[in-house]
Amino acid sequence: MSNTLSLTQSRTGRGHYRAQVWRKQLVLAGLTIALVATLCLDLALGPARYDLGQVAMAILAPDSVPLPVRVVLWDIRMPTALMALVVGAALAVAGGQMQTILNNPLASPFTLGISAGASFGAALALAFGVAIIPAAIHYVVPINAFLMAMLTALLIHVLSLKRGVTVQTIVLLGIALVFTFTALLSLVQFFASQEALAAVVFWTMGSLTKATWLKLWITLAVLAVVLPLFARRAWALTAMRLGEAKAESLGVNIKRLRLETLVLVSLLSAIPVAFVGTVGFVGLVGPHIARMVIGEDQRFFLPASALAGALILSASSILSKTLIPGTVFPIGIVTSLVGIPFFISLILGSGRRSW
């Protein structure tokens, strides 16, 4: 009798697990379909508007559409639209893994100062022509932004190794770095010329308009390298959500995992910020949306975060072109307007519930 009951419970458990997996796969499929729809809509909108049928034909059979349509869609709009997807995915994955290793819902490249550090590095190049690596004068802005973002992440890691430092302290340290770099950025703007000041302000707002195929391939290559590395650590990262003590009891090397993840996250967030400027809140909002619809299992949470981040930035790109006809708003303004209410709700809700 007991063996029969045990077998029945086992079958019920397997059935429930399969149902959960099937539901999560459907969610991922739904996010993918929504992403394809926003991509096509992003390509269709602009000073010259095309219907979705023309866009589909231009993508599937480029030679079947008129040359002007093909040039506009493939040479002008396609790099920008795809850059929105790749940057959104990269920032959301970076934010999701920061939240995982720090066990804090407010962690992201934006709130920990990595984006602010990149902005300061870029401002030095735009305002005064300062190159951290003098030989890289032709790519001084993205390289300065990348190096300052990596240095910021390294500083956070070094200080986190001090005795008695908790994950809450690391988040507070990141917030302090945000204010520090904001003050330094204001100082740069104060001494900059009018032309340089305009360039700095525009860069810090974040923009996809300067996206190129080369920048897109570089960002995509980084994402393609980092995602499998996170996927290999899916079990350990999932265990981290159970708490450090529980994860260690399961054989997870907490310090090593946190260091490896922080390095990968820094790379994943520094490259997009170096190319498109400061894009806030995608790395915060995207992972929370993924967590609400998919759960904590990293096998599904990782792709869901990437899809949610890409969807947010693609939708923001559409919104930036439709708020005022004929005007393209910097993408960073749009994501901030969307993300700030979400950020406030997290702060107000963190005291009422455990994360």
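A contact means that heavy atoms lie within 4.5 Å. By that rule, Ser317 touches Asp42, Ala84, Leu208 and Ile331, leaving aside residues up to four places away in sequence. Ser317 sits in helix H13 (residues 298–322). Helices are DSSP runs of H or I with at least four residues, numbered from the N terminus. Ser317 is buried, with a relative accessible area of 5%. Buried means under 20% relative accessible area, with a 1.4 Å probe and protein chains only.

This is a predicted model, where local features need pLDDT of at least 70, side-chain atom pairs count only at pLDDT 80 or more, and totals for chains, interfaces and linings use all residues. Residues are numbered from 1 along each chain as its sequence is written, and side-chain values use heavy atoms, without hydrogens and water.

| Helix | Residues | End-to-end C-alpha distance | Expected span |
|---|---|---|---|
| H12 | 13 residues | 18 Å | 18 Å |

The expected span is 1.5 Å times one less than the number of residues. In H11, 17 of the 23 residues are buried, so this helix is largely enclosed by the rest of the structure. In H12, 10 of the 13 residues are buried, so H12 is also largely enclosed. Among the buried residues of H12 are Pro287, His288 and Arg291. Gly277 follows H11 and has a positive phi, near 90 degrees. Gly295 follows H12, and its phi is positive too, near 95 degrees.

**Empty space**

Rolling a probe the size of a water molecule over the atoms shows where empty space is left. The search uses a 1 Å grid over the protein atoms alone: a cavity is a set of points where a 1.4 Å probe fits but cannot get out, a pocket is an open set with protein on both sides within 12 Å along at least five of seven lines, and lining residues have an atom within 4 Å of a point. Points are joined across faces, edges and corners, and a volume is the space filled by probe spheres set on them.

The largest pocket holds about 460 Å³. Its lining has 22 residues, and Val141, Pro142, Lys215, Ala274 and Phe275 lie nearest its centre. Helices H5 (140–160), H7 (194–205), H8 (213–232) and H11 (254–276) each give two or more residues to this lining.

The whole structure has 4 cavities of 30 Å³ or more. The largest cavity holds about 70 Å³. Its lining includes Met98, His157 and Arg258. Helix H3 (67–102), H5 and H11 each supply at least two of its lining residues.

Technical notes:
Buried means under 20% relative accessible area, exposed over 50%, partly exposed in between (1.4 Å probe, protein chains only).
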